[in-house]
Amino acid sequence: MRSKENLQILFDLMLHSERKSAITFIEKLLEEGFSAEYVVRELLDPALVRQGAMWGEGHLSLAQAYVAAKIAEDILMKCLEFEKADDELIKRRGIIVIGNIEDDFHSLGRKIVSIFLKANGWEIIDLGNDVMAEDFVEEAIKSNSSIIGVSAMMYTTAQNIKKVRAEIDARGLQNQIKLAVGGAVFNGRPELVKEVGGDGSAKNAFETLELMDRLLHGCCQRENQQ
Amino acid sequence: MNSIERVMGTIQGQPVDRVPVGAVLSSYGARLLDLDLRVVFNDAKTYIESQKAVHEKFAVDFALAPFDYSVIAEGFGSSIRFFKDQAPNIKKPSTINWREVIEKPFPDFNLTGRFPVFLEALKGMIELFAGKKPVFAGIPGPCSMPIMIMGLEAWLETLLFDPEGAQKVMDYCGEFFEIWAARIMQEGTTGLIVTEGMAAREITDRENFECLVLPHLKKYLSRVNAPMVFHHTGGSINHILDLTKDIPGILGFCVSAEDDLLAARRIIGPEKLLLGNIDNLCFPASGSEQIYEQSQKILKLMHQKGPFILSNSGGDLPLNTPETNITAMIEASEGKK
């Protein structure tokens, strides 16, 4: 019962962009004896899932999502500090190389995605804006990453993602490295995901969590079969 | 009845021969004349030539100054990337520190970067269409002007978490908005299209808009002595129309394809102008019959429901839009099949 109440309080604070109050609330819970694991698993994760559903339905703004991402980051840092950086608390899921494709400079969505993924146990290598296809693939090989996440805002720049697909395929890495694509243009034209050779896409930062798990699972399954 | 009579008549609620039709075709001339957009947005004469071709080809009822906000970003020191087939874009903002923003001198419109090119193009457009078509110019709203200088992320961070910084940046950018708007109008521009990205539902929810954006928007828009169309900037704005409809100077609203036109009309009342709302994404992806049918549907919906202009909803139409699709929208308004 208390968990439901706590979840509702955190959810409301996130929704109304109350960053300071949210972290104060979490600090109080930790001081009362609730574990950091409880905070992350029972409160933060479900609150993010609920917000994700709201975003999916168009009921959440970028400003609210941005604040939610910042609050998630704050809470995660507080919990790590509280648990003395216990790696078990944040399950290490894997490494993802992300960036905006060649000629694309719209970084905000990518950065929000990065915060959410980090908060959910992914290690993120962010290559920034205007990244060439070969740089994505080189970095994925170097860091032993299973997923490359490429962002593009416009139709014209999204076309450059085809070069990442071609680079992965040319090196015979299609079973080892999955290509996640995202950005405003894919929400308006979902057929573009296939057109540019993406293995999957998510409509927003919240849905990215599920997408990355799915893509990683696909990679692991193939590795086990080989 | 020519375009200027049709548009002005519509705005004033007088009878007109047909519903005016418009589209953002600031880049499209490059397709018609096989030009490189890097040249079009760097050379006023080329821009005017490209627009001449657009208006010879399509009977749209208003003309536009270059729809290129990178002029402003560049003027404040942001770095810009130019493209052959799309409008220039901000590569790197000038700074991400609000304290540095407010220390920057305002650009000199006669000397800095491409401001002189923009003004020459605007002047040329006004001369070209004098007495025939109204000429509008786009301008970022005062609350999204900071994005030109510090980028969206740093601006959101400041706006949401640093009230002192937000206030100072808004005051600085509000003053620049006022001066730039006055300079554009000085050339004889018909009116301004104010694209206020911070008003879009996808960017700012109503609660944050009302608290963080609206007071500044009211303050700086009401200082501009110009007719203004408030533009959706790619996101929905129906949720804030009731809050903005009475701001002095706003003669109408261009709503997004996601916004319900009838609901918008109910909110803004019977006298304000309404523009919209065929989705930009439909133009390259649909056939001309679909565009024609959609246009007809909108025209029927808005028939005798106050001043209305049929238009695309979005920025510049993509260059891969077939010419027949633009013609289809115009023919629907003309009643041709």
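The buried residues of helix H8 of chain A (residues 161–170) pack against helix H6 (133–142), strand S3 (147–151), helix H7 (155–158), strand S4 (178–182) and helix H9 (184–188) of that chain; helices are DSSP runs of H or I with at least four residues, strands are E runs of at least two, and both are numbered from the N terminus. The residues in question are Ile161(A), Val164(A), Arg165(A) and Ile168(A), where buried means under 20% relative accessible area, exposed over 50% and partly exposed in between (1.4 Å probe, protein chains only). Looking down the axis of H8(A), its buried residues fall within an arc of 100 degrees, so they line one face of the helix; the arc is taken over the directions from the helix axis to the C-beta atoms. Just after H8(A), Gly172(A) has a positive phi of about 65 degrees.

A quick word on the model: it is predicted, so local features need pLDDT of at least 70 and side-chain atom pairs pLDDT 80 or more, while totals for chains, interfaces and linings use all residues. Residues are numbered from 1 along each chain as its sequence is written, chains are lettered from A in the order in which they are written, and side-chain values use heavy atoms, without hydrogens or water.

Now for where the chains meet. 24 residues of chain B are in contact with 25 residues of chain A, contact being heavy atoms within 4.5 Å. Together the two chains bury about 2100 Å², 55% of it on carbon and sulfur atoms; that is the accessible area (1.4 Å probe) that two parts lose on being put together, summed over both. There are five salt bridges between chain B and chain A, each a side-chain nitrogen of Lys or Arg within 4 Å of a carboxyl oxygen of Asp or Glu. Asp130(A) forms a salt bridge with Arg81(B), with the closest N and O atoms 2.5 Å apart. On the side of chain B that touches chain A, H8(B) gives the most, with six residues.

Inside chain B, Asp259(B) sits in the loop between strand S8 (250–254) and helix H12 (261–268). Asp259(B) is buried yet has no salt bridge, and the nearest side chain of opposite charge, Arg201(B), is 5.9 Å away; Lys and Arg count as positive, Asp and Glu as negative, with His and the chain ends not counted. Its side chain does reach the backbone nitrogen of Ser256(B) at 3.0 Å.

Phe58(B) is in another loop, between helix H4 (44–57) and strand S2 (63–64) of chain B. Phe58(B) is buried, with a relative accessible area of 1%.

Note on methods: Polar contact = N/O pair within 3.5 Å; in protein donor to acceptor, adjacent residues only side chain to side chain.
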